[in-house]
Amino acid sequence: MEFACSHVVCNWQPVSDVPALYAAVPSGSYSSWDGSTQSAAQGPSSSSYRDYHDYDNRIAVIPRSHQGYQDDSSLVPPPLPPRQGSCSRTSQRHQRPQSLPLPSSAPPPLPPRVSHSCNERNLKANVNVVSVSVGRLVDITKAADIQQFQNPFYCKSCQGSLSALSVPRHRQQGTVWCCEFCGQENVLPSTASHLSHSRDVLYVSEDMDGDYINLEDMLVVFCVDISGSMSVTDEVSTASKAKTPLYISRLQSVQDALLKSLNSLLKTSPRRRVALVTFNDEVTVYGDGTTVPLTLRDWGLMDYDHLKSQGENFTTPHCIAESILPLSRKVQEMKEHGATALGPAALISIAMASRYMGSKVIICTDGRANIGLGDLEEEPTPSSSYFYSRLAEEASAKGVIVSVLTFKGTDCRLVEVGTLADRTGGKVNIVNISNVSSEIQSLLKDNIIATSVKATLLSADGIFYPYEDHCSHKLVKEVGNVTEGLEITFEFAVKPSSVESFLRRDRLPFQLQLDFKTRELQKATRILTEQRRVTTSSWVWTGSLNMSVLGVHCAQLCARLTMEGRVLEAQRQLQAQQELLKQISDKQPNTNEESVYGNWISTMSHICEDLTENTQRSRDLPQSKTVPVKGLSDEAANVVYQMKRAKSIALRRHPSDTLGL
């Protein structure tokens with residue numbers, strides 16, 4: 001886990017009052033170390049920080065309590081003792097007149113620090129963000145030294161796990177652990193002494209969740225559009241200096257890319273299984289090219305269960321070492337004509353791939369689905385949206401990655417079709433004729449590390465997660481398939497009713513639990529536990545914030561809000577993050593990060609502005625809180641889907657990518 005701020009900012013409030021939970025922070029008076037009082041919003045005096053970290057305000061925010069202290073004079077330094085005079089006359093001679101005030105016994109106040117500027121007192125953006133490199137954490141091959149072959153001990157109330165932060169106590173009824181997340185008392189079993197109390201533990205089950213599967217048996221299904229629009233040609237550059245330009249069609253570029261991919265797989269993974277599915281106004285399943293093709297048309301393209309059954313029961317393809325010749329012939333024989341039955345073809349391809357954990361489906365298309373299930377030719381209907389969402393959930397549950405490639409200058413309703421990639425860990429990309437081959441090659445290398453991944457983030461009772469549907473201190477997120485480099489972020493905040501109590505505590509605990517299945521179908525759980533000190537927003541120094549975590553979180557959150565139609569919320573988030581990143585870059589300039597993250601924010605801002613303007617022109621209610629994304633172009637949808645899977649610069653594979661995604 002990587003936090004954007006070294007401390008938990010307790011009194012952050014959003015610019016707008018979204019839920020009622022964001023009530024005003026209690027403005028009670030607090031006593032500093034020298035007895036002076038100030039409000040919670042003002043923060044402690046700078047002199048109280050002379051022996052502590054810049055953020056540490058444990059001394060300065062102790063509340064004035066009438067029960068704890070009967071006399072506040074205990075917080076004031078004692079008076080100086082009287083001088084020892086030689087005689088009474090000397091004492092009288094040096095005695096000050098009664099009319100003059102006595103000197104103060106307290107030392108003069110220290111001058112204020114100059115390391116904080118007034119602009120840093122009000123943080124519009126929430127810096128309570130944590131980033132999790134899921135792709136690295138679920139790779140058990142890199143965590144052999146922390147593996148444990150036993151089950152963790154969970155709190156019976158909040159399901160928090162016993163860790164290095166836990167403090168078991170011996171009582172009459174046995175050893176008791178008071179959960180640091182919810183306060184529930186749990187009686188520990190006698191075997192608890194053998195449990196690992198490390199802050200980073202990987203629990204791996206020795207039992208297999210199903211039969212053993214050879215990792216090379218995974219299936220790659222190429223689902224190719226051969227409709228009439230695939231005959232459109234474009235000029236390509238050649239190495240020779242011929243005066244006559246060379247034009248090839250979209251289908252020809254796909255054929256060339258598939259033949260190169262088959263030869264590459266033959267060299268690198270000869271036992272990999274490969275199948276071919278084509279679609280126009282009918283769907284044809286060639287499999288590995290060695291069997292009689294299966295053709296589905298008319299009513300067969302409208303029956304979900306029938307299509308799924310046909311895919312699951314189709315003949316198992318041979319490995320590429322045995323089928324490359326007939327499969328290559330089928331690729332070369334493809335001809336473009338007809339309509340676009342994309343939905344039925346995607347369904348049957350995913351059904352075929354679902355028999356092998358870690359399989360892939362690569363969809364290449366250039367037009368809207370206009371026949372059969374998932375028809376997008378007219379205005380998208382709830383049934384078509386539900387079709388792609390349901391199909392994506394089934395693929396994710398079976399450990400299948402779906403990637404979608406479309407061509408530049410086309411309109412495929414990528415907002416809907418891209419759901420298949422977004423929810424399965426695949427990629428969405430718009431290609432041109434010249435780079436189809438390289439894009440497919442990169443998709444073949446992107447293998448699944450773990451499936452059925454579920455991330456749970458726990459913190460102290462009083463923490464909640466903005467932009468989520470509940471206000472609990474426990475957040476559960478279904479991640480699904482995980483490939484290398486996947487990074488997710490969480491944003492949290494403190495409930496106003498808990499600010500005062502949190503400021504009196506030393507630290508707050510955080511625990512991340514990752515439950516997943518390995519590619520060998522072993523069940524595993526990785527648990528990381530940390531704790532963070534608390535502070536107020538007026539004492540956060542922007543120069544010490546993590547620009548990488550904040551930039552990735554801003555991209556992912558705003559893209560998610562945009563796809564949900566919450567464009568106005570995304571715009572507010574973008575504006576706040578833009579101001580904060582500017583402050584951070586002023587304190588610790590980093591040209592590379594600043595340009596990449598700034599580009600993300602600028603791009604998302606333009607997309608949100610376009611959606612808002614189009615909605616206001618077409619609606620009578622411009623103040624609506626939700627903005628439909630059905631009018632989002634393929635280019636904009638491509639950017640938003642990539643933003644949802646943004647990752648830190650250090651984790652990027654393609655530095656040449658203009659968006660840095």
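These legends go with a few close-ups of a predicted model. Local features need pLDDT of at least 70 and side-chain atom pairs count only at pLDDT 80 or more, while totals for chains, interfaces and linings use all residues. Numbering starts from 1 along each chain as its sequence is written, and side-chain values use heavy atoms, with hydrogens and water left out.

**View 1. The largest pocket holds about 1400 Å³ of space.** A pocket here is an open set of points on a 1 Å grid over the protein atoms alone, where a 1.4 Å probe fits, with protein on both sides within 12 Å along at least five of seven lines; lining residues have an atom within 4 Å of a point. The volume is the space filled by probe spheres set on the points, which are joined across faces, edges and corners. Of the 45 lining residues, Asp422, Arg423, Glu478, Arg560 and Lys644 lie nearest the centre.

**View 2. Strand 22 gives the largest share of that lining, 7 residues.** Helices (H or I, at least four residues) and strands (E, at least two) are DSSP runs, numbered from the N terminus. Helix 12 (547-563) and helix 15 (634-644) are among the elements that each supply at least two residues.

**View 3. Seven strands make an open, mixed sheet, ordered 16-15-14-11-17-18-19.** Pairing takes at least two DSSP bridges between two strands. Strand 16 (294-296) and strand 19 (428-431) sit at the edges with a single partner strand each, so one side of each has no neighbour in the sheet.

**View 4. Strand 11 (residues 219-225) runs parallel to strand 17 (residues 360-365), paired over 5 bridges.** Val221 stands opposite Val361 in strand 17.
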